Amino acid sequence: VCSVEKKSSVVPPRARTVGKSRRGARASSPEANPTPHARTSPRVTVAMANGAAAGAPHLSSPVGPVGDSPGDQANFDDTSPAPADPASPKSPGWREMAEERPSTSPGGGPPTVTPPPPASPVAAPPGNVVVASPGPASPGGAPMSPTANGATAPMSPAFDRRPAPKQGLIGKMTSGVGSLAEKAKKRSAKNARRAEGGKLLLQQLQDEAGAKDPSLIPGVLRKPALDPRYVPPNIGTAVKAKIFGTPPPPDPVTGLVPVGDPLAVKSSTFYKIKASKRRGKQSAYVAAGRARKRPDEAFDALWARVQRQEALLNKIKQDGKRYAKAMAEAADAAHAMAGHIAELADGDPAGAALPAPDEPGSAAASAAAAAAQSREQVAARARQLVAMMETLEVDVRPACAEQLRSAVTQPVAQLCEEFPAYKPCVDKRRTYMLDMDAYERKLQYTKVHTKDPGQIPHREEQHSRASRRFTYFNDKLVEDLTLLDNNRFELAGFLIEGFVETQEFEVNRKRDVYLSMQEGKLPQRAN
């Protein structure tokens, strides 16, 4: 048996000499009875280096994780004795074997020869072969199952998978906190990108609708002074004129007070305070029933359909992740189930060790031959099942997952990432509507209650500007939302075709594997 040092691939010269003599004696022993499956393992491959000094073993790259096993201590180096029964007279003890080793002291007597150890069920392999690594159920070798003639055979090496080491409580908490922090970071970055995209979209929509035109801003107009012929001055008007100054006289043609720079007035803090007060007062009047609420059911239904489209895309994205995870879990469960089924047909039956009847043509002999043939057919079918599941696991499942990703989940994820953020535009539309309703209410109040007829043209101009600004912006926003809502049918057709192609791809690949299994043309894989 090739023994491999775990922490260093360099074997001391003394261990190489002793190991070589033991391996040579064991290979030449007539009692050695190697099993054909004991030279392969899905975990570790050990190749004998051609041209290495004294046949030192060389460890190649492992395929899977190999943990500590009860046989690792015994196989630490080549100086360890071979496992044998202590009560057997053919099994020399450690001290006897040490005494029989060649003496290295100067002037010593003639070297003694170490007697060959008892036969091992696994013979030493020649150069460049694969050697089984210690398994979880057999110290120093692959898991074995008893056979009829007393030998041992490996039990389904393709399905011998050692579980990963369990994580402690601190490790689970640390990984959980790290995962939550990573998710929060990604969500924050996504929200920041959407907010920036919403601002750019709002700015583009306002520019296209002309909502920032100074001629459409109603709040920059200044209220003319009251005519003393109709409204005599009082303390309130005197204080207001003292704080804000007396407005210039209105234009005799339009009746409006001239304004300097509308954009400078709009960017002032006083303008923002007045706008917030005006909109808040209008919302309060509508909530209290003192002002009429403008009917807006058509736009609300359109905006609800757009929001539903975005929500459905996010759900499809999450469902795609769950579907891919379920495919992997189903494949793992089927793989493990097939391995357990194959283990049922592993080894020889208990009655195979009994002597056969003397009469070859007797009924008992015919029944025994038929039973053996049936068992051989079941074993061959089990090997086909193992090969089929290996092909499904290695070739078919990754291809199906890639097809699902390219046809459905990746386009949906991109659509969710690039879905236009119209929420700031909808909020701005509501703001423009509140301004229009507020100026309409003020116009109606001025027409009924004012004593100065010079105030009416000012209110009419404010209401006209607010109405035109809302109309232009609303038409452009409704046009964009309608196009986006109608696009969902084309999008649904694309996703339907992609999902159907994914299902057909999976069915066709599995059918090809089943037909190849029936014809015996499955790819041969090294364990």
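Before you click, note that the model is predicted, with local features needing pLDDT of at least 70, side-chain atom pairs counting only at pLDDT 80 or more, and totals for chains, interfaces and linings using all residues. Numbering runs from 1 along each chain as its sequence is written, and side-chain values use heavy atoms, leaving out hydrogens and water.

Start with the rings: there are 2 aromatic pairs, where rings of Phe, Tyr and Trp (its six-membered ring) pair if their centres lie within 6.5 Å, and planes under 30 degrees apart are stacked, over 60 edge-to-face, the rest tilted. Select Tyr 323 and Phe 499, a tilted pair at 6.2 Å centre to centre with 45° between the planes. Tyr 323 sits in helix H7 (residues 297-344) and Phe 499 in helix H10 (residues 456-519), so this pair ties together parts 176 residues apart in sequence. Helices here are DSSP runs of H or I, at least four residues, numbered from the N terminus. Tyr 323 is partly exposed at 26% relative accessibility, and Phe 499 is partly exposed at 40%; buried means under 20% relative accessible area, exposed over 50%, partly exposed in between (1.4 Å probe, protein chains only).

Next, pick Tyr 432 and Phe 473, an edge-to-face pair at 5.3 Å and 85°. Tyr 432 is in helix H9 (residues 423-449) and Phe 473 in helix H10, 41 residues apart. Tyr 432 is buried at 5%, and Phe 473 is buried at 0%.

Now try Arg 429, which lies over the face of Phe 299, 3.7 Å from the ring centre.

Last stop: Cys 425, buried at 0% relative accessibility.

Conventions. Helix = DSSP H or I, 4+ residues; strand = E, 2+ residues; numbered from the N terminus. Lys NZ or Arg CZ within 6 Å of the ring centre and 35° of its normal.
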